[in-house]
Number of protein chains: 2
Amino acid sequence: MNASLTKVLSGIIGIAAGLLVAFLVFGNTGSSDMATTNKQNKSNAEKVYVPPGEHDEYYMMASGGHSGQLFVYGLPSMRLIRQVPVFSPDPATGYGFDDASKEMLNGYKWGDFHHPAISETEGEYDGRALFASDVGNNRAAYVDLETFHTTDILEIPNVSGPHCAAFVTPNTEYLFLPTRFSVPIGGEYAELDEYSEKYKGVMTAVKPDVKNKKMDIAFQVMLPPWAYDLSDAGKKLSNGWSFLSTYNTEEATTTLEINASQNDRDYIVMFNWKQIAKEVKDGNFTEVNGEKMFDPAKYPGSVYLVPVPKSPHGVDVTPDGEHFIASGKLSPTTSMYSFEKALEAIEKEDFQGEAKGLPILNYDSVIDKEVEVGLGPLHTQFDNNGNAYTTLFIDSQVVKWNLESGKVIDKAEVAYSPGHLAAVEGDTANPGGKWLVSLNKIAKDQYLSVGPSHPESMDLVDITGEKMELVANAPSQPEPHYAQIINADKIKTTEVMDKDEKRKNAVWSKDEAHIERDGDEVHVYGVAFRSRFVFDAQSDKPDVVKVKEGDTVHFHMTNIDRDEDITHGFGINGYNENFEVQPGETKTLTVKADKSGTFPIYCTNFCSALHQEMTGYLLVEPK
Amino acid sequence: MNASLTKVLSGIIGIAAGLLVAFLVFGNTGSSDMATTNKQNKSNAEKVYVPPGEHDEYYMMASGGHSGQLFVYGLPSMRLIRQVPVFSPDPATGYGFDDASKEMLNGYKWGDFHHPAISETEGEYDGRALFASDVGNNRAAYVDLETFHTTDILEIPNVSGPHCAAFVTPNTEYLFLPTRFSVPIGGEYAELDEYSEKYKGVMTAVKPDVKNKKMDIAFQVMLPPWAYDLSDAGKKLSNGWSFLSTYNTEEATTTLEINASQNDRDYIVMFNWKQIAKEVKDGNFTEVNGEKMFDPAKYPGSVYLVPVPKSPHGVDVTPDGEHFIASGKLSPTTSMYSFEKALEAIEKEDFQGEAKGLPILNYDSVIDKEVEVGLGPLHTQFDNNGNAYTTLFIDSQVVKWNLESGKVIDKAEVAYSPGHLAAVEGDTANPGGKWLVSLNKIAKDQYLSVGPSHPESMDLVDITGEKMELVANAPSQPEPHYAQIINADKIKTTEVMDKDEKRKNAVWSKDEAHIERDGDEVHVYGVAFRSRFVFDAQSDKPDVVKVKEGDTVHFHMTNIDRDEDITHGFGINGYNENFEVQPGETKTLTVKADKSGTFPIYCTNFCSALHQEMTGYLLVEPK
């Protein structure tokens, strides 16, 4: 039976089942079949409806893939609340335009935001920060969840595509970013014929500094030249260990579609990060491009391989930390391993061989069960009742199965081709249950057409009952890889920035606004407030900046409206510059005045009834 | 009574009214008060709910303000379907990265997309194209609604901030872009003291070429140095004329908040575009910066001024074309003028003076009625029952009033500070009624907080009844100025690009993929398909491109998967480049290989079960 016919049939079965349920529930009202169907829709409509003035119960933090940005949705409404700029410039907010964010982006015009990771305390989301990895340009980012500002970006040497998520350890001691593409170690050029010797996979341990909202590279671990995919950290029983999935253990360098799918088995890499951190502290590393590189083949006992059905897309640790689950995406089963058995196998040296100097644990000794879930299993999340939920890319389904019995309980049709999925706090030590979102790669006919380039799609599934129920769908912005859903009350935001009298370049009253000139460097210490710019309090035209062609102008702008939601924009017409200053914020924009003429400055972010009048001029006198 | 108390009280009144309605409707079920409230919510929930697999009834095309992009929403669900890149680069699709779009953007890194205008036939949306104006960098854009691709961008000289919308005439003969900021004519530098003589407001007439999906500047009209705002074209009776609103007729150059609000009256500019087009054809223009500049002070009879209460934000023509409406935003009334009376006044030379050589029609002769709508009236739309809807920025309301009686019928609270509003086809000769969206500038506490920078907000209002009903709200992306809502069945899209065998640089089979070298220029004629790149069919590594440091590499990529929704991405890791090729599309990316090393190429847009394996390499040998 082909896939679309299956869909049609299961759709009909679904409707029939719905009618039956609706009949049982509403049958006594004597409504017709049509009305009964509507009742069923009503029920779903109510579930996702958040009336004006009320708030969503959860935030969903979704990766924006090759947009480079973070997308923040409210759940259950699935409304997109905000695009938060992380790895790419953002014209709307001027991220990448003002001096500070421009320096942070360092010339990068895009990123590939793969996996978000909310900071954790004792294995649960704590809502303080969100970390992200950039597969496109090998970076990690720190997003402060008090302000939803990106506060730090780290460029990571020796890797190419840190794909597997910036997944964090249970108390945010580290985030780990393993490379997706192995590259020549040390960054030198090497032919592909030398791939197996000269190329390496590198896992990077990054140390977050939550106090200063920054990060540093702690150490790196040298691994075989394989591709590393979505991964997870141990918790509770398995705290101190982390798990990476691999593919292309064939070490193919061309036509991977075929050549990277030859082996029946790839591996899960288990590593003891506490031990490695100790080894590195003891000086057991070599320096590569300024980083501390630990080689587990030289210092045995910290990294082990566990065989897994071919080409897995990720590994997920159960909430109790006792098992880890991986699915070969070209296999119809998912494999559930016992962490305790793995420790036993390590102790007994129960190995079935070694690869690149790393011991391979005996599959049969470590496996707990294999569950026949369906075709194309990718990623697994958990609820609060001992169940797992796995996406089936090929079957376009989410499958619910029980961790203890290994029995499949239910399958929900999603549209179409789900990659990742996110359940409420579903990858933590304490999952919330209630909702699950299937992040689908293909939308096809699900929404009004916007031409050949379709949006991606999210399906919202109610997981409170024995059976899953598809409740609603919504287009998602490009391109969600992974998402995390957090209870809204865990996020404590700042609405207005502190009035920091000592802040560099800040001016806190319109009377203090002034312009200083030093040779051809002009510093404007200005303020923005409803509904004026003041650059020079002493001038009869306080909203005009007059310079000479060739000058460099530094606009230091402080928004002295310290009121909720009163953001001012600052656009220079014809000068290709724009940024925003949020309530109480100070930002600097540096402009090389290399073009003479008259350039209106205007507030680009609607702020008041006289917003249109909030203007000024940059006058650039010809040389 | 302060605003928030008013809100609370009217909220209570609203709930009470809702309870009464709910009681009348559902009272016979004997439900409790609480259940009744839920019933009311259900009713709104149902109205906006679009079940998975079904489509929204309308597209809403919303300006993206200083993001520079177009946001396409579905209505009534208010789901964001797609961000369409127009004036700013877009990392996700590679807009501004590949050669063609990079050339079209011409170095601009942001735009300020103010007003969308869907093409019209006989005064109704025809769904073929959407035009946009860029206040930030003085451009106009053509968005093809078959593909939702931006197909042309025009830079417009002699203006600074074409604000008033790219509003179109009833058969899309022209779109008019009047300047928001007057600047020295001809582009030379001039001191602000010479503002009244040397600065000019310029209205630009752009001629769309629907067949070729391009535009050209037809002519420009020299106007006094005022600020021109949202405007509208005549229709039916008034076809052939257009209307611009002005502010800052004081010609202030500083502190406009105060200085541009001195005069009791500003003006509506009425211009006879058919006559001006004829004059220009007859040679009655001077050339300024290559454009045909028409001066109405020299050739009388084509441009007239109509007094309007101070600082209006726009002018709107009624569906029958018989009246035009403008609201002084600092006045509590909206003014409805008779077009017929205006023609009579012109004929009788019933003038109350002149300004800058342009005759001012006698206000009392032209006014039809003044309607006391409330505080801060900005923008007006229409339904199919002879009613108008005006946003009240200061009162945070939408007011419904009858065009014939001039009576206020209802007021709906919105949250907060609405700027523009959009009703279903509500600015056309044939409004649809049904829905109205209030585009609010301030969201405050309406959504889960995302820090100091809040989203904007949209309120969906049901306008089918005598009373308006606020049904739902949703955050909107920055920053909606105006939007248009079109019946979904008017948009006919292309899902897959034609297989054009003659298309330049296209290769349609993997066996024809090849690489040509000409000195240090390397042309890669490649294909993308599930799940491979092929750059060179003859090579034993067909997905590898090997060049020398200093070469320029042109990747000509064709997506030969001509299936709906199968878009491939093309990212070069570490080379800061990414773009997508949509089904059947060919694009060229030019890369200067100035950095030696090993750079994985990978598909950034999830395409298949083996998407992860869809990779290749750019190898850059050191010099």
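The cover over the buried residues of helix H6 of chain B includes strands E10 (175–181), E13 (214–223), E15 (241–247), E16 (265–272), E18 (291–294) and E19 (303–309) of chain B, with contact meaning heavy atoms within 4.5 Å. This is a predicted model, in which local features need pLDDT of at least 70, side-chain atom pairs count only at pLDDT 80 or more, and totals for chains, interfaces and linings use all residues. Residues are numbered from 1 along each chain as its sequence is written, chains are lettered from A and ligands numbered from 1 in written order, and side-chain values use heavy atoms, leaving out hydrogens and water.

Helices (H or I, at least four residues) and strands (E, at least two) are DSSP runs, numbered from the N terminus.

| Side of H6(B) | Residues |
|---|---|
| Buried | Trp273(B), Ile276(B), Ala277(B), Glu279(B), Val280(B) |
| Turned away, exposed | Lys278(B), Lys281(B) |

Just after H6(B), Gly283(B) has a positive phi of about 90 degrees.

Now to a sheet. In chain B, four strands make an open antiparallel sheet in the order E20-E21-E22-E25; strands pair if DSSP finds at least two bridges between them. E20 (312–317) and E25 (367–372) of chain B are at the edges with a single partner strand each, so one side of each has no neighbour in the sheet. Within it, Ala326(B) stands opposite Ser335(B) in E22(B).

Notes: Buried means under 20% relative accessible area, exposed over 50%, partly exposed in between (1.4 Å probe, protein chains only).
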